[in-house]
Amino acid sequence: MVRIGLLGIVALALLPGTALAQMHGQHASEAACEEPTLRRATKVTPAFGPDGTLWLVWMAGGQVSVASSQDAGRSFSAPIQVTAKRLNLDWGPDARPKIVVDRKGGIALAFSIFRDEAFNGQVLYSRSGDGGKSFAELKAITANNESQRFEALALDQDGTIFAAWLDKRNRVPAKEAGQKYEGAGLFFASSRDGGATYTEAGLARDNTCECCRLGLTFVAPGRAAVIFRNIFDGGVRDHAVMTFTDVATPGEVHRVSNDDWQINACPHHGPSLTVAPNGTYHVAWYTNGKARKGLFYAHSRDEGRTFSAPMLLGQPGRNPTRPYVLAGVAGTVMVWKEFDGEKTSVQMTISRDDGETWSPPKTISSTTDTSDHPLLVSNGRQTYLSWMTKADGYRLTAIEDQP
Amino acid sequence: MRRRFAGIVGLGILIASVTMLGAAPALKPFERGTWQSVLKGHAGRPTLVHFWGVTCGPCKVELPLLGQFAKDHPGIDVITISADLVPNLPAATQSMLDKAGLSSTENFIFSDGFVERLRFEIDPAWQGDIPRTMLISRDGTITTIEGSAEIADLEKWSGQQLATH
């Protein structure tokens with residue numbers, strides 16, 4: 001009787017342990033992912049240098065590393081670690097390290113970490129002035145200690161680097177005044193020394209959605225354009241575009257589309273923006289609004305003041321996600337992910353008439369395990385899909401000229 | 001010697017068992033197939049499933065309200081699922097659940113990096129936005145609330161569910 005009782009207690013003791021054991025098992029299997037190598041990366045961001053070198057920055061094992069390829073991603077140089085120790089990197093779905101390579105080969109980086117147990121973020125940056133052989137010690141992009149996340153970098157023609165990010169500093173005075181503060185502020189700064197130092201942070205727009213990536217590019221010298229998920233009246237989280245007058249002066253906010261997505265939540269699903277050489281803005285975004293649901297594309301031919309009617313992307317039953325758009329010499333290309341219940345595919349469509357018409361979407365890559373967002377990158381002659389997958393590693397795929 | 005060792009081990013197990021019996025249930029891994037198990041395990045019972053994450057601002061506000069709701073409505077099965085992406089932080093997740101008064105509910109954490117597949121099993125249209133609440137009626141009808149739920153709406157649904165019993 002006593003023996004049965006003891007056995008019963010042992011059995012009871014083991015029952016909750018089953019869940020723990022499974023958790024530990026999962027951690028053990030992920031221990032291999034602790035290496036900071038490209039093969040173990042969860043987020044990989046590409047950029048081409050002026051000499052055609054492909055540069056990658058990635059997150060793996062709590063570290064940020066950089067390597068380059070001279071043969072379009074077939075082989076890579078020995079990685080250089082940008083981080084001196086493991087950091088609690090921002091591993092949110094829309095977070096990733098950012099990279100720009102200037103005309104002189106200088107490399108500027110930025111990424112976010114969680115700096116405390118409340119998941120308050122901090123944007124850190126670094127640069128390399130010796131062609132990626134070494135990187136400067138990490139610095140905070142702003143001295144302010146409130147949460148910052150979702151940084152973006154863009155390079156101007158004269159080498160100026162423009163940074164934008166989401167910043168919660170304005171919740172402090174709001175709280176002190178007993179007022180409710182929604183979302184986060186869209187902040188910006190710029191660097192005229194290749195990313196060695198940045199100007200004081202400025203506010204472009206307060207109360208934007210706090211958990212989606214930004215889209216950032218230059219429209220013309222000095223004029224950065226940013227797309228972001230705004231919070232419009234009534235808590236509607238629809239997209240907006242702002243074009244800066246110069247790197248120190250924010251412009252007006254223009255609504256991309258009236259999707260009417262009223263939600264008090266973190267969509268974790270940010271937009272994409274590219275500006276063609278003729279000035280056309282091409283944007284792609286996700287919404288689950290009352291007016292429309294899914295992935296959409298639109299363009300603007302008046303500097304982002306008004307946009308074309310939204311065009312639905314992808315097959316609604318296949319969960320289209322993570323759109324990315326890039327204007328290149330051969331046309332404007334869009335990619336996104338779809339999932340069929342077993343595998344994730346990257347769908348691609350191309351427009352050769354500045355966004356008026358688009359080719360039928362086609363699958364250009366697929367994988368059977370988790371994957372990073374599909375990104376597009378151009379060396380000025382050719383546009384590539386840059387995609388990190390857990391099962392198949394890193395892939396750089398040339399977008400074919402003919403769809 | 002061996003017997004003494006066995007005795008010590010036995011005592012250790014006994015102490016561990018008593019400790020574990022008093023402790024909060026562990027976070028359960030949410031993997032491929034877990035969703036169907038959850039549906040089967042709670043079939044016929046009004047069930048509230050709450051998806052959230054430690055890095056989600058609106059979730060931090062909603063979680064304690066849900067804790068109070070669970071306490072006030074023992075007739076409703078409350079389940080939480082931490083749907084942040086891996087690498088996840090079970091300790092931070094458990095800590096937030098404890099602070100919200102949700103230690104004793106059935107709590108899961110996404111434990112498969114292939115989140116597209118996990119989400120697809122739950123709702124093919126769900127892209128991962130959190131918080132998200134699914135209200136499952138006795139007859140299996142699912143009502144999804146995107147974003148923070150209004151407690152008044154939960155009260156209304158709960159009242160309907162318990163009244164029809």
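In helix α2 of chain B, which spans residues 34-41 of this predicted model, the residues B:Thr34, B:Trp35 and B:Val38 are buried. They lie on the same side of α2(B), because they cover an arc of only 105° around the helix axis. An α-helix has 3.6 residues a turn, so residues three or four places apart point the same way. The cover over the buried residues of α2(B) includes the strands β1, β2, β3, β4 and β5 of chain B, together with the helix α5 (115-122).

In chain A, A:Tyr384 is found in strand β26, residues 383-389, and it counts as buried because its relative accessibility is 13%, where the cut-off for burial is under 20%. Although A:Tyr384 and A:Thr397 are 13 residues apart in sequence, their C-alpha atoms are 5.3 Å apart in space. Among the residues that A:Tyr384 touches, leaving aside those up to four places away in sequence, are A:Phe48, A:Ala72, A:Leu375, A:Thr397 and A:Ile399.

Over all chains, the structure holds 26 salt bridges. One of them joins A:Arg149 to A:Asp90, with the closest N and O atoms 2.7 Å apart; this pair links distant parts of the chain, 59 residues apart, with A:Arg149 in strand β9 and A:Asp90 in the loop between β4 and β5. Both A:Arg149 and A:Asp90 are buried. A further salt bridge, at 2.6 Å from N to O, is formed by the side chains of A:Arg301 and A:Asp354, and since each of these residues lies in a loop, the one between β19 and β20 for A:Arg301 and the one between β23 and β24 for A:Asp354, the pair ties together parts that are 53 residues apart in sequence. Here A:Arg301 counts as partly exposed, at 41% relative accessibility, whereas A:Asp354, at 18%, counts as buried.

Terms used: Residues are numbered from 1 along each chain as its sequence is written. Chains are lettered from A and ligands numbered from 1 in the order in which they are written. This is a predicted model: local features need pLDDT of at least 70, side-chain atom pairs count only at pLDDT 80 or more; totals for chains, interfaces and linings use all residues. Side-chain values use heavy atoms; hydrogens and water are left out. Buried means under 20% relative accessible area, exposed over 50%, partly exposed in between (1.4 Å probe, protein chains only). Helices (H or I, at least four residues) and strands (E, at least two) are DSSP runs, numbered from the N terminus. The arc is that of the directions from the helix axis to the C-beta atoms. Contact means heavy atoms within 4.5 Å. A salt bridge is a side-chain nitrogen of Lys or Arg within 4 Å of a carboxyl oxygen of Asp or Glu.
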